[in-house]
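Please read the following report alongside the sequence and the coordinates of the model.

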Amino acid sequence: TAMSAPTPQFVFARQMAAIMASDRYPQLPQIKAPTLVIHGDADPLVPYANGEILAQRIPGAKLVTLRGCGHLAMWEQPRALSAALLEFFA
């Protein structure tokens, strides 16, 4: 698990550098697949506003906000996360 084997700092730094070097926002309107954006409003790593932007720029996307949830919804709010996914895929 992530708790027992955390990501090494150098790997995290490289991931962040790659993310920051890539701007894919202009491509979002080209997405044609049904899209669900799930975002915690207390995420300390990726600001909640980013989830809002994704949902606004992807045509027909649905945004589900997990109130009080940080970056690890699968551990912090697994029931809310699975309920949102099951509803979307139904």
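Predicted model: local features only at pLDDT ≥ 70, side-chain atom pairs only at ≥ 80, totals over all residues.

The report below takes up the pockets, then the salt bridges, then the surface patch.

Residues are numbered from 1 along each chain as its sequence is written, and side-chain values use heavy atoms, with hydrogens and water left out.

**Pockets**

A pocket is an open set of points on a 1 Å grid over the protein atoms alone, where a 1.4 Å probe fits and protein lies on both sides within 12 Å along at least five of seven lines; lining residues have an atom within 4 Å of a point. The largest pocket has a volume of about 500 Å³, and of the 16 residues that line it, Ile 19, Met 20, Tyr 25, Val 46 and Asn 50 are the closest to its centre. Helix H1 (9-20) and helix H2 (48-57) each contribute at least two residues to this lining, with H1 giving the largest share, five residues; helices here are DSSP runs (H or I) of at least four residues, and strands (E) of at least two. By residue class, the lining of the largest pocket comprises ten nonpolar, four polar and two charged residues.

The second largest pocket holds about 230 Å³ of space, and Thr 7, Phe 12, Leu 45, His 71 and Leu 72 are the closest to its centre among its ten lining residues. That lining divides into seven nonpolar, three polar and no charged residues.

**Salt bridges**

Two salt bridges are found in the whole structure, each defined as a side-chain nitrogen of Lys or Arg within 4 Å of a carboxyl oxygen of Asp or Glu.

| Pair | N to O distance |
|---|---|
| Asp 41 and Arg 67 | 3.3 Å |
| Lys 62 and Glu 87 | 3.0 Å |

Lys 62 lies in strand S2 and Glu 87 in helix H4 (residues 78-89), so this pair ties together parts that are 25 residues apart in sequence. Arg 67 is exposed, with a relative accessible area of 58%, whereas Asp 41, at 31%, counts as partly exposed; exposed means over 50% relative accessible area, buried under 20%, and partly exposed in between, with a 1.4 Å probe and protein chains only.

**Surface patch**

Leu 72, Met 74 and Trp 75 make a nonpolar surface patch of about 290 Å², where patch residues have over 30% relative accessible area and no salt bridge, and nonpolar side chains are joined within 5 Å. Leu 72 lies in the loop between strand S2 (62-66) and helix H3 (73-76) and is partly exposed at 32% relative accessibility.

Note on methods:
Patch = residues over 30% accessible without salt bridge, like charges linked within 9 Å, V, L, I, M, F, W, Y side chains within 5 Å. Areas by Shrake-Rupley, 256 points an atom, 1.4 Å probe, with all protein chains shown as cover. Points joined across faces, edges and corners; volume = space filled by probe spheres on them. Nonpolar A, V, L, I, M, F, W, Y, C, P; charged D, E, K, R; others polar.
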